[in-house]
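Morning, everyone. I have one structure to go through today, and I'll keep it short. Please have a look at it before I start.

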Amino acid sequence: MTRFIRPEHRHAWQLLQTLVDGPLPHLRDLLPDTQRHALLQFHAAGLTLDASHQRVNMTVMQALRALAEASGVMAQARAMFRGDAINSTENRAVLHVALRGSDQADPPWGTEISLAVSAELNRYCSFAEQLRAGECSGFSGERITDVVNMGIGGSDLGPRMATEALSQLDNALIAPAVRLHFVSNVDAWSLATTLAPLHAALTLFVVQSKTFTTQETMTLYASARRWLLDGGCPPDALHMHLAAVTSRSALAHAQGINASRCFSLWDWVGGRYSLWSAIGLPLVVAIGRDAYLQMLQGAHAMDRHFIQAPGEHNMPLNLALLGIWNRNFLGTSTQHIAPYHSALGKLVAFLQQQDMESNGKRVHIDGSACTVATTPVMWGGLGNDGQHAYFQLIHQGSQMVPIDFIGVRQGHAGLPLSAKHQRVVQLNMQAQAQALAQGRTGSETLQVLEASGLAIDEAQRLAPHRSFPGNIPSSTLWMDSLTPHNLGALIALYEHKVFCQAAIWGINAFDQWGVELGKSMALAIEGGSTGA
C-alpha cells in the first residue's frame with residue numbers, strides 16, 4: 001500500500017503557500033489580461049466555466065495542477081471507475097458513474113455490473129411510464145392520480161431538485177396522468193398537509209430507503225399505510241398503493257411491498273449519488289423516460305470528459321483546484337452558490353449535501369487528524385433574490401466569500417416579454433461578478449459622490465460607507481439552456497469536483513459517520529438506553 005503523504009508536506013502545497021504570500025495583484029489588475037482570460041475558460045458536456053474572476057494567475061494554476069498530480073487525483077479517479085473499494089472505511093466500491101454509463105462498450109467496471117444496471121433501469125423506467133400513462137389503478141379500480149415520494153437526504157434532495165429544475169420542459173414532457181409530491185420531513189404536519197387534498201383510492205406511495213430502516217422514512221411509511229386503511233383500502237390491497245427503492249428487498253417485501261414494485265440499489269451507490277439509480281423513479285414519473293435518459297447521458301458526457309481531458313482543460317479538476325486555493329490558501333471558510341434561474345431553486349440544498357456530507361471530515365484516510373482545512377460551509381440561494389439580501393455581506397462584510405454563479409443563456413417561460421426578463425437576469429449576474437471583482441476605491445467613490453452634487457465634506461463623510469474592497473473571487477458556470485442533458489452534466493461536474501478535493505485533502509468522501517451517529521443516538525434514546 002502506498003504510504004500516505006499529508007497534503008501540506010507536498011512540495012506543490014508549499015510552493016502555493018509562497019505564492020499566496022506574494023501577494024497577487026488585485027482582480028481589477030488581473031481582469032484586463034486577455035490571454036489569462038482565455039486560459040481560464042473551460043468547456044465540457046454543454047457547459048462553460050469562466051474562471052477569469054478567480055484570484056489566480058497562471059503560475060498559481062500551474063502549481064495547483066502540480067498539486068493534483070502529486071496527490072494522484074486522476075489515478076484515484078481511475079480506481080473509482082474500475083470499481084476498486086475506494087470507500088476504505090466501509091470497504092466498498094463507489095460506482096455511481098456506472099449508473100449513467102451502462103451502455104458503453106467495454107466499461108472499466110465490467111459488463112456484469114452494466115447488465116445489472118441496464119436491467120434495473122428498464123424496470124423502474126417502465127413502471128414510471130405506466131404511471132404516467134394512467135395504467136396503474138388502486139383498490140377501487142380507478143387510476144392512480146397522485147404519487148407521493150417519501151425519503152430523506154439523497155432519497156429526497158436529488159429527485160426533488162431535478163424535478164423542479166426540469167419543470168420548464170415542454171408540456172408534452174411534463175403532463176403525465178399523475179401529480180408528484182415529495183415528503184421528507186418526519187414532522188407530522190408535513191405529511192398531513194401533503195395528504196389533505198389527496199384520496200386514498202387514487203394515491204401511490206414510493207418509499208425510498210437504502211436500508212429500509214431509516215427512522216424518519218419508516219415513520220412516514222407507517223402513517224401512509226394507516227392513512228390508506230382509514231381511507232377505505234382493504235389490507236390485502238395495500239400493495240396496489242405502494243412501491244419501494246431499497247438495497248434490502250426482503251425487508252420491503254416483509255412490510256407489504258410487492259416484488260414487482262420493489263426496485264434495487266447496490267451497496268456501491270451512496271445516498272447523495274443515488275439520483276442516477278432507481279431513487280430517480282419519481283423524476284422519471286415527472287419528465288418521462290426519454291428526458292431522464294438524456295440527463296444520464298449528460299452526466300456520462302461529463303464523466304468521459306473528467307477521466308479523459310488533460311489537466312489544463314479538465315473542468316471538474318480545475319473547479320476543484322480553485323476551491324482548494326480559496327479554502328486553503330486564501331483562507332475562506334464558506335462557499336456561496338448563486339443560481340440565476342428560478343427552476344434551480346433547490347440546487348443549493350442538493351449541493352450542500354453533496355459537498356458537506358462528503359468532505360466534512362477531520363481525519364485523513366490513515367486515521368490521522370487533518371491539519372489543513374477541509375470543505376467550507378456551502379450555502380446560497382437564487383442570485384436575484386440574494387442581491388437584495390445577503391449579498392450585502394459578500395460585498396462589504398468582514399470575511400471573504402467566493403461565489404459560483406450559475407447562469408442559463410437561453411430560457412423561455414411563455415410570457416410575451418420573456419426575452420427581456422432573461423436579459424435582465426443575465427445582466428444582473430454578470431454585473432455582480434464584475435462588481436465583486438473590481439470593487440470601488442475610496443477615491444472613485446468620492447468622485448461619484450461629488451459628481452452627484454454632494455458637498456465635499458459630506459462626500460468625504462459618506463465615502464467609507466459606500467466604497468467596496470472588491471477582489472472577491474467568483475466562477476461563472478454557463479449552460480446554453482436548462483435541459484436534462486445539461487442538468488446531468490452540471491450535477492456530475494460538482495460530484496467530480498468534490499472527489500478531486502477529497503483526493504487532495506487525503507480524506508474519504510464516501511462515508512458519513514456523523515450522520516450515522518445522530519441516527520444511532522435517536523434509536524438509543526427511543527429505546528431508553530441513554531438519557532434525553
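Which residues touch the most other members of the largest nonpolar core? One caution before the reply: this is a predicted model. The residues are Tyr292, Leu487 and Leu490, in a core of 115 residues. Helix α20, residues 484-505, gives the most to this core, with 14 residues.

Take Leu487 in more detail. Leaving out residues up to four places away in sequence, Leu487 touches Met161, Ala162, Ala165 and Leu166, and also Met295, Leu344 and Leu482. As background, nonpolar side chains in soluble globular proteins tend to be buried together.

Now the sheet. In what order do the six strands of the open sheet run? The order is β1-β2-β11-β10-β8-β9, with mixed pairing. At the edges are β1, residues 41-44, and β9, residues 377-380, and each of these pairs on one side only. From one strand to the next the twist averages 20 degrees.

Ile337 has Asp404 in β10 as its bridge partner. In general, strands of a sheet pair through backbone hydrogen bonds, parallel or antiparallel.

What packs on this sheet, touching β8, β9 and β10? That is helix α14, residues 347-359. The direction of α14 makes about 175 degrees with that of β9.

That's all from me.

Key
Residues numbered from 1 in each chain as written. Predicted model: local features only at pLDDT ≥ 70, side-chain atom pairs only at ≥ 80, totals over all residues. Heavy atoms only, no water. Pairing = 2+ DSSP bridges. Helix = DSSP H or I, 4+ residues; strand = E, 2+ residues; numbered from the N terminus. Axes fitted to C-alpha atoms, helices over the stretch in contact; angles between N-to-C directions. Contact = heavy atoms within 4.5 Å. Core = buried A, V, L, I, M, F, W, Y, C linked by side-chain atoms within 4.5 Å. Buried < 20%, exposed > 50% of the residue type's maximum accessible area, 1.4 Å probe, protein only.
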